Amino acid sequence: MSNVLVKAVNIKKYFPVAATILSKQQFIYAVDDVSFEICRGDVFGLVGESGCGKSTTARLILRLYPLTGGHIYFDEMDIYKFNKAQLKNYRLRAQMVFQDPNSSLNPRMMVRDIIGEPLVVHKKASGESLERIVMDLLTLVGLPRSYVSRFPHELSGGQKQRVAIARALALNPELVIADEPFSALDVSIRAQIINLMMDLKKDLDLTYLIITHDLSIVRYMANRIGVMYLGKLMEIGTSEEIFTDPKHPYTKALISAVPEPDPDKEWGRIILKGDVPSASNPPPGCRFNTRCFAQFARCRRECPRLHKISDTHYVACHLFEK
């Protein structure tokens, strides 16, 4: 059995934009030729600015969107070639925790029904067995069992997210994708949910894909990190490599934005000029060349591919080509 659980190979997702009288058919290049691997037991963090394609990548891995190009393998099987039965089995093995529990939880369903719904849909439990599993899941995520009869509006933000996590774990998945699961939470509650997820990973032997723009969270949780910008992967490496030895100019700018807690240490902030270009009209060459402080002529005409710096470190930058 391969140690690689998820493998994305040159994946692309282009969303069509309606043509008008004055403009021809255009596309939003949300994910454009992205490749990476997630090993079993890893916490892979995908970071970048809003609109860079992180959430689209997560939805492609769960087959919630059709691929424009490329392949995604789960346990060495191409998920976009699954038949109906194989896809249903895949849904048992990969689950998602969405960003906003206020939107992802049905306001008309009680907690017992929200958590138990995956088990009912997949015919894994019913009656007393279903009730017992729901109770156990509530205990697992640190909620009182009496909460089974509550509705989402009767819960706090942190409690709602715990319910969402319990629902994701109901089918005992191998892969859990968490799309900005902490952004809607207060700082104190955020710390509780982060610790809960790390404890669950250890206890249940889970593999995580964490989508976030909060670098402090991904530094604490992830052992491998991918940095995205405007639909492209700029750099992939271990958490240690990304935070102590970033190679790509964009990664350096992101890391420099993290406040330095040591008052005696100089904070070398890198300020990027300009705005992120439109995903429907990306610049030629490197996507980052319009804001890069190290760009040169080749960057404006040729898009770099990921180059291997070490066994675990890859960067898409002409500065590091041999």
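Reader: Which strands make up the open sheet, and in what order do they come?
Author: In this predicted model, 4 strands form an open sheet in the order β2-β1-β4-β5, and the pairing between them is antiparallel.

Reader: Which strands stand at the edges?
Author: The edges are taken by β2 and by β5, which covers residues 77-78. Each of these has a single partner strand, so one side of each is left without a neighbour in the sheet.

Reader: How many bridges join β1 to β2?
Author: Strand β1, residues 4-17, is joined to β2 by 11 bridges, and the two run antiparallel. Valine 6, for instance, has isoleucine 38 in β2 as its bridge partner, while lysine 13 stands opposite valine 31 in β2.

Reader: And how many bridges join β1 to β4?
Author: There are 5 bridges between β1 and strand β4, residues 69-74, and this pair runs antiparallel as well. Here valine 9 stands opposite histidine 71 in β4.

Reader: Okay, switching to helices: how far apart are the end C-alpha atoms of α7, and what span should its residues give?
Author: Helix α7 runs through residues 187-204, and at 1.5 Å a residue its 18 residues should span 26 Å; the end C-alpha atoms are 26 Å apart, which agrees with that expectation.

Reader: Which residues of α7 are buried?
Author: The buried residues in α7 are Arg190, Ile193, Ile194, Leu196, Met197, Leu200 and Lys201. They cover an arc of only 160° around the axis, which means that they lie on the same side of α7.

Reader: Why can residues that are a few places apart point the same way?
Author: An α-helix has 3.6 residues a turn, so residues three or four places apart point the same way.

Reader: What do the buried residues of α7 pack against, and which residues are exposed on the other side?
Author: The buried residues of α7 pack against β3, α5 (127-140), α6, β7, β8 (207-212) and α8 (215-221). On the other side of α7, Lys202 and Asp203 are exposed. Just after the helix, aspartate 205 takes a positive phi of about 55°.

Reader: New topic: how many salt bridges does the structure hold?
Author: The structure holds 16 salt bridges. One of them is formed by the side chains of glutamate 174 and arginine 40, at 3.6 Å from N to O. This pair links distant parts of the chain, 134 residues apart: glutamate 174 is in the loop between α6 (157-169) and β7 (175-179), and arginine 40 is in the loop between β2 (26-39) and β3 (43-47).

Reader: Is arginine 40 buried or partly exposed, and which residues are linked with it in a network?
Author: Arginine 40 has 23% relative accessibility, so it counts as partly exposed, and glutamate 174 is partly exposed too, with a relative accessible area of 26%. A network of salt bridges links Arg40, Asp75, Arg93 and Glu174.

Reader: Where are glutamate 49 and arginine 291, the other pair that links distant parts of the chain?
Author: The side chains of glutamate 49 and arginine 291 meet in a salt bridge, at 3.4 Å from N to O. Glutamate 49 is in the loop between β3 and α1 (54-61), and arginine 291 is in the loop between α10 (249-256) and β11 (307-308), 242 residues apart. Glutamate 49 is partly exposed, with a relative accessible area of 27%, whereas arginine 291, at 11% relative accessibility, counts as buried.

Definitions and conventions
Residues numbered from 1 in each chain as written. Predicted model: local features only at pLDDT ≥ 70, side-chain atom pairs only at ≥ 80, totals over all residues. Heavy atoms only, no water. Salt bridge = Lys/Arg side-chain N within 4 Å of Asp/Glu carboxyl O. Buried < 20%, exposed > 50% of the residue type's maximum accessible area, 1.4 Å probe, protein only. Expected span 1.5 Å × (residues − 1). Arc of directions from axis to C-beta. Contact = heavy atoms within 4.5 Å. Pairing = 2+ DSSP bridges.
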